[in-house]
Amino acid sequence: TQQIHAQRKIKRSEENLNNLFLFTTDAIVLQNRDREIIDCNTATEKLFGYTREELLTDHFIKLGDRERTTEKKRTEYFNKAMAGQPQRFEWWGRKKDGTVFPEEIILNRTIYNDEEALMIIIRDISDRKKMESDLRESEEKYRGIFDESIVPIFLFDNRKHFIDTNQAGLDLLGYSRNELLKMSVSDVDAEPSTVATAHETLLAGDRIVNFEHKLRKKNGQIITVLNNSLPISDADGKVIGLQSTLIDITESKKAEEDIQLALKEKNILLNELYHRTKNNMQVISSLLALQSQKIADPLLLKNNEDMIHRIKAMALVHQKLYQSKDLSRINLKDYTKELAINLMKGYSDSSHTHELKLEVEPLQVLIDIAMPCGLLLNEMLTNALEHAFPDQRKGVIKIVLKKSKAEKILLKVSDNGVGLPDDFDSRGSDSMGMRLIYGIAEQQLHGVAVVKSTRGTTWTVEFDHNQYKRRV
């Protein structure tokens with residue numbers, strides 16, 4: 001019975017060996033106890049370039065690189081395998097044409113033609129070795145970048161435990177490497193709820209970019225960092241870790257907060273300044289209005305009322321600045337509309353109302369431009385309202401305010417009234433209004449003022465609004 005069992009076992013072993021010879025892509029060589037090759041498969045011929053007949057009865061060393069192997073090591077592997085201890089190791093093979101290549105060898109004792117033999121399975125691992133070499137080279141480059149980077153880089157597992165960092169990371173948090181690698185994110189996190197949301201995003205496979213949060217250093221100091229993190233996944237796409245690059249923005253955040261505080265204080269101060277200036281001008285206007293009640297001379301009364309309108313025009317600039325979000329610029333469209341309507345109301349009654357047409361662009365200008373521009377508008381409108389429509393006539397006054405083709409500001413006030421006298425010299429006039437128009441246009445705005453009288457009167461002033469630089 002034992003003999004039959006042994007024969008069956010030998011038969012199964014030979015059948016398995018035959019199947020292995022036929023279907024495997026690995027080279028298989030059979031060697032007897034004298035270490036002679038007694039058989040090989042087709043894959044062996046393809047791998048080494050020898051025919052089966054060239055290999056039979058030859059020594060197995062023929063397929064190895066003698067310079068990189070020793071007889072002692074070969075004998076050790078052979079004896080262990082023949083003693084029933086399978087061997088697996090890496091070796092160097094040599095092809096018929098002399099090409100040397102890395103190989104993986106598996107040694108197993110087997111039965112061949114009713115005799116014990118050594119089955120040698122050989123696999124060319126050149127591609128694997130190259131891949132390993134490339135990977136090592138890539139890892140070395142990454143490690144060099146990782147270690148030498150001045151930017152803190154941290155690696156975590158998917159439970160947020162520290163698994164590696166560079167020197168910059170240690171310097172950022174103030175811990176030694178041994179201390180940090182025993183810790184997790186929760187030990188240094190100063191905003192648990194904020195970071196928890198970011199961690200869920202990363203575990204879902206998404207990255208986070210420029211995420212701002214706070215950390216606690218070893219000495220207790222709270223710092224603000226800008227975090228850019230990405231998930232690390234295995235071959236199946238499962239997130240197994242996280243990589244974070246942090247930038248300490250504590251100082252820049254403090255500087256930003258200081259700037260915002262200074263800007264807020266400046267805005268409060270400017271607001272108060274404009275508010276008080278506007279109120280002071282309103283007080284002056286009120287005093288002049290009271291004075292008007294005591295003036296009997298029509299000419300003095302008119303001059304007094306003209307002065308009130310001019311002060312109101314300047315006060316309106318400060319009112320608009322006080323109401324504006326930008327305390328250095330004013331919207332000329334809103335200002336022009338309100339100033340024109342207020343003047344029209346002052347010179348009109350229920351039986352004497354003129355039509356006002358506005359073609360005004362929303363131009364943002366500095367107060368250096370807005371103030372003289374407002375005074376110009378006040379004088380031009382006042383002239384039209386006082387002189388263009390005698391005998392209770394009704395007419396049309398048009399205001400145009402826009403950018404010209406030369407990228408300058410064009411201010412035009414026209415009416416369809418009686419026009420100027422034929423012999424009227426606007427520049428030679430001793431009228432306060434005329435002198436103000438030319439003085440403001442040419443000396444303050446460094447522009448050009450032109451008046452024409454055809455079917456009414458048209459004042460045109462063009463000036464460069466970029467001549468004043470923004471003051472900080």
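Strand E6 (residues 153-157) and strand E10 (residues 239-248) are joined by five bridges in the antiparallel sense. Helices (H or I, at least four residues) and strands (E, at least two) are DSSP runs, numbered from the N terminus. Two strands count as paired if DSSP finds at least two bridges between them. The model is predicted, so local features need pLDDT of at least 70 and side-chain atom pairs count only at pLDDT 80 or more, while totals for chains, interfaces and linings use all residues. Residues are numbered from 1 along each chain as its sequence is written, and side-chain values use heavy atoms, with hydrogens and water left out.

Ile 232 stands opposite Gly 241 in E10. The hairpin of E9 and E10 has five residues between the strands, and Gly 237 takes a positive phi near 85 degrees there. Strand E8 (residues 208-216) runs antiparallel to strand E9 (residues 222-233), with seven bridges between them. Phe 211 faces Asn 227 in E9, and Leu 215 stands opposite Ile 223 in E9. The hairpin of E8 and E9 also has five residues between its strands. In that hairpin, Gly 220 has a positive phi near 95 degrees.

Another open sheet of five strands has the order E2-E1-E5-E4-E3, with antiparallel pairing. Its edge strands, strand E2 (37-40) and strand E3 (87-94), each pair on one side only. The twist averages 30 degrees from one strand to the next. Strand E1 (residues 27-31) pairs with strand E5 (residues 115-124) over five antiparallel bridges. Val 29 has Ile 120 of E5 as its bridge partner.

The largest pocket holds about 520 Å³ of space. It is lined by 28 residues, and the closest to its centre are Asn 383, Glu 386, His 387, Ser 431 and Met 434. On a 1 Å grid over the protein atoms alone, a pocket is an open set of points with protein on both sides within 12 Å along at least five of seven lines, and lining residues have an atom within 4 Å of a point. Grid points are joined across faces, edges and corners, and a volume is the space filled by probe spheres set on the points. Helix H10 (298-323), helix H12 (367-388), helix H13 (432-444) and strand E17 (457-463) each supply at least two residues of the lining. H12 gives the most, with eight residues.

H12 has 22 residues and reaches 30 Å from its first C-alpha to its last, close to the 32 Å expected at 1.5 Å a residue. The expected span is 1.5 Å times one less than the number of residues. Of the 22 residues of H12, 18 are buried, so the helix is largely enclosed by the rest of the structure. Buried means under 20% relative accessible area, exposed over 50%, and partly exposed in between (1.4 Å probe, protein chains only).

His 275 lies in helix H9 (residues 250-292). His 275 is partly exposed, with a relative accessible area of 26%.

Notes
1 Å grid on protein atoms, 1.4 Å probe; cavity = no way out; pocket = protein on both sides within 12 Å on 5 of 7 lines; lining within 4 Å. Axes fitted to C-alpha atoms, helices over the stretch in contact; angles between N-to-C directions.
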